[in-house]
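Reader: Please take one part of this model and go through it closely. Then carry on from there to the neighbouring topics. Keep it brisk.

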Amino acid sequence: MERVYNFSSGPATLALPVLERAQKELLCYGSTGASVMEMSHRSKMYLEIFDEALALLRKLMDIPEDYAVLFPQGGATQQFSAVPLNLMTGSGSADYVDSGNFAFLASEEAKRYGTVNVVASSREDKYAYVPALNKATFDPKADYFHIVANNTIYGTRYTEMPDTGAVPLVADMSSCILSEPYDVRKFGVIYAGAQKNIGPSGLCVMIVRKDLLGKANPLCPKLLNWKVLADNDSMHNTPNTFAIYMAKLGFDWLLEQGGVAAMERINIEKANILYDFLDQSKLFKGAAQKAFRSRMNVTFATGDAAKDDAFVKQAAKAGLINLKGHRVVGGMRASIYNAMPVEGVRALVDVMKRFELENS
Ligand SMILES: *Cc1c(COP(=O)(O)O)cnc(C)c1O
């Protein structure tokens, strides 16, 4: 069986060298005679892997010392609850931008714990853009300000992060972390489900400014309490050891590619190949407004559901899978995270060209 080009939004394709290395090390890691999956999370062998994963992420993202790096479980969605449970304890109010499905879900969950001020929304326009922000609508007493940096389902991204002054900026970066350099110092909290740009699902990668630890609601479950995680090196209970190992292999690979800045150049190239084709196509149209186009999730459609369907099937036959758009949006979506090679994007455009010729 040949490997295909997998455009899944997540769990998403992993870099081939990462999978090959995991395969090679699966039965016996190094000289241990055991699989990483079988190691105690407190063993010296495993702690080396864990510490290396932390160190590599710190290096890749230039994370300052006054930020803690945590590896909680429960993906990104768990943090939709954990963010208010850890932070909504001052004024009891937080600002949220409603820029897509996950942003909306995060704000709905936060409402269970306090007051949510939705400062802007593009919901009425089917989230085709990231809404403009007006500082006058920001609450200066908010406990935090929440955004989703890249809207995975609709294919839009923030081109500039909001300036929230003294209010900590909390960003869900599930689908864009490590895809371009971000200045960590501008954020109070960054969190990301691992299954898009890092490794297997279930793991969450978090970066928390240390002064934001220790403010949790007394009812915050222990395992969601960032201070408990930070004080116990994310090992209050058994962490997702294998996913963290896979993340480490991914970080190694990313560093070999030249790091995040080098990856950004490749990501821009990949996105341009697709958007340039969409902009001149008579059949396919890009769904997101140009100024807000995501480099990670490219959404498009023909405007005819039957043709969209036929295209997804034809592409799958050519070895390009998971191009169907999210069920609430329809159309197509090509997720082209770090691990998707330029050749995969070129192959997709070739299939689109052929389909357009045959169907117009
Ligand atoms: C995928 C995704 C999520 C959900 O992640 P889970 O790990 O499934 O909880 C949340 N936010 C964004 C932006 C995503 O892309």
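**Helix H1 and onward**

Author: Helix H6 (241–256) is among the elements that cover the buried residues of H1. Contact here means heavy atoms within 4.5 Å. Helices (H or I, at least four residues) and strands (E, at least two) are DSSP runs, numbered from the N terminus.

The model is predicted: local features need pLDDT of at least 70, side-chain atom pairs count only at pLDDT 80 or more, and totals for chains, interfaces and linings use all residues. Residues are numbered from 1 along each chain as its sequence is written, and side-chain values use heavy atoms, with hydrogens and water left out.

Back to the helix. H1 spans residues 16–25, and Val18, Ala22 and Glu25 are buried in it. Buried means under 20% relative accessible area, exposed over 50%, and partly exposed in between (1.4 Å probe, protein chains only).

Next, Asn6. Its place is strand E1 (residues 5–6). Asn6 has a relative accessible area of 18%, so Asn6 counts as buried. Its side chain reaches the backbone nitrogen of Ser8 at 3.0 Å. The side chain of Asn6 also makes a polar contact of 2.8 Å with the side chain of Asn322. A polar contact is a pair of N or O atoms within 3.5 Å; within protein, one must be able to donate a hydrogen and the other to accept it, and residues adjacent in sequence count only if both atoms are side-chain atoms. Set aside neighbours within four places in sequence, and Asn6 is in contact with Thr13, Ile321, Asn322 and Met340.

Now a sheet. Three strands form an open sheet in the order E11-E12-E14, with antiparallel pairing. Two strands pair if DSSP finds at least two bridges between them. The edges are E11 (285–286) and E14 (332–335), each pairing on one side only. Strand E12 (residues 297–301) is joined to E14 by four bridges. Across that pairing, Asn297 stands opposite Ser335, and Phe300 stands opposite Met332. Met332 and Ala334 point one way from E14, Arg333 and Ser335 the other way, and all are buried. Helix H7 (residues 259–280) lies across E11, E12 and E14, at about 20 degrees to E12. Axes are lines fitted to C-alpha atoms, for helices over the stretch in contact; angles run from 0 to 180 degrees between N-to-C directions.

Then the ligand. It is surrounded by 13 residues, and the closest are Thr77, Thr152, Asp172, Gln195 and Lys196. The cut-off for being near is a heavy atom within 4 Å. Thr77 places a polar side-chain atom 2.5 Å from a ligand oxygen. For Thr152, a side-chain N or O atom is 2.4 Å from an oxygen atom of the ligand. Gln195 has a polar side-chain atom 2.9 Å from a ligand oxygen.

Last, Tyr191 in strand E9 (residues 189–193). Tyr191 counts as buried because its relative accessibility is 0%. Its side chain meets that of His146 in a polar contact of 2.7 Å. Tyr191 and Ala310 are 119 residues apart in sequence and 37 Å apart in space, C-alpha to C-alpha.
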